[in-house]
2 protein chains.
Amino acid sequence: MQVAIVLYPGFTALDVIGPYEVLGRLPDTEAVFVAETPGAVRNDLGGLSVGVVARLDDVPAPDVVVVGGGSGQADQMSDGPLHAWLRRVDGPTTWMTSVCTGSLILAAAGLLGGRRATSHWGALDQLAGFGATPVNERVVIDGHYATGAGVSAGIDMALTLAGLLRGDDVARAVQLLIEYAPRPPYGSGSRDTASPEDVEKMFTLFAQG
Amino acid sequence: MQVAIVLYPGFTALDVIGPYEVLGRLPDTEAVFVAETPGAVRNDLGGLSVGVVARLDDVPAPDVVVVGGGSGQADQMSDGPLHAWLRRVDGPTTWMTSVCTGSLILAAAGLLGGRRATSHWGALDQLAGFGATPVNERVVIDGHYATGAGVSAGIDMALTLAGLLRGDDVARAVQLLIEYAPRPPYGSGSRDTASPEDVEKMFTLFAQG
């Protein structure tokens, strides 16, 4: 099985590394970091540089595609090589997936029309503008599209997918391997449980969402 | 504030990217990927190549150090440049931290003698051989040492640390930004909750732990 993990300048690291760590550990699986051009791609914070293993055109029929979000997502909303590749591989793929605002890229490429999908809570409403139905859930599956909520939700999305791809017993073993028994120190992790002060602080500190 | 994230060949990606995503987003913070030699470092699965921003010797007084685990941890247990650097920066650092089997490296470098610490569940017992006290908890803090359990626990460790470094309000805002409201699809994520079948399957599939 081949998993293609899409990189573009300004990607959010955890969006793609969460799914990579889960899907890349599945038996008989090759996970490759792909991008429009060869070289290395820098993340949104600027400190992480990840090597590109293959150009988009070199990966014509991946079994799974993962598109993450990040501040650079805004530059990937116009039609171009990434959108064209996503539409081309959408047929061959078993699963087309996204994390965070990666779903906006899938939607802008025309793949999520009439589909239920999720995204980072701060971007969820934007899905409707592309004909998708925004769903406020951690992981949403509709047809062969699996979308995850913001950043850390990629781990949940990928474990869910691992179960669908290889069976619950394999996915359970991967969850044990990565010791995924989370203990968030706060209850502020979702828009539904965060306080108004949490939301205000977040916007003040990060001016995004 | 400077956060030094240690890379070595065979590191586990999520071990270091979890803390990077949290700590790297704190205001007025520079997170740098450091390694013994310049260039790029490849992970345990082999598909991820991360650029080294600075050599260990170029970072003499980081405020926070993060050491992750991975199959390559076994090659970092002998005294050498990494151990020497860890001992040297242990004084200047505010927090010396680890995720997964990274704590074995800290322990082998002589830093955890008499300290309570955690690690990946499959490696936890090994801490005692270095004079540390193994503690089966997700995040353990003793003095200025913060250790996290396996792989995904780095997110919990880093959010806990973010609260100690910058206050609960800032840490809560970061948790909201990365939408960390986990929904693990299975209950198999810890040795305490996994079934005997989960453990057997994990060892069969991955021959490690």
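This is a predicted model: local features need pLDDT of at least 70, side-chain atom pairs count only at pLDDT 80 or more; totals for chains, interfaces and linings use all residues.
**Ground rules.** I kept local features to pLDDT of at least 70 and side-chain atom pairs to pLDDT 80 or more, while totals for chains, interfaces and linings use all residues. Residues count from 1 along each chain as its sequence is written, chains are lettered from A in the order in which they are written, and side-chain values use heavy atoms, without hydrogens or water.

**Extent.** I looked up contacts (heavy atoms within 4.5 Å) and found 68 residues from chain B and 67 residues from chain A. Together the chains bury about 5900 Å², 62% of it on carbon and sulfur atoms; this is the accessible area (1.4 Å probe) lost on being put together, summed over both parts. Leu176(B), Glu179(B) and Tyr186(B) supply 14% of what chain B buries against chain A, more than any other three residues.

**Charged pairs.** I then checked salt bridges (a side-chain nitrogen of Lys or Arg within 4 Å of a carboxyl oxygen of Asp or Glu). The rule finds six across the interface. One of the salt bridges I looked up joins Arg25(A) and Asp44(B), at 2.9 Å from N to O.

**Symmetry.** I superposed the copies by least squares on C-alpha atoms of residues with pLDDT of at least 70 in both. A rotation of 180 degrees with 0.0 Å of shift along its axis puts chain B on chain A, RMSD 0.0 Å. The two copies are therefore related as by a two-fold rotation axis. Both copies use the same surface, as 99% of the contact residues of chain B recur in chain A. Val50(B) is the residue of chain B that comes closest to the axis, its C-alpha at 2.4 Å.

Technical notes: Buried area is the accessible area (1.4 Å probe) that two parts lose on being put together, summed over both.
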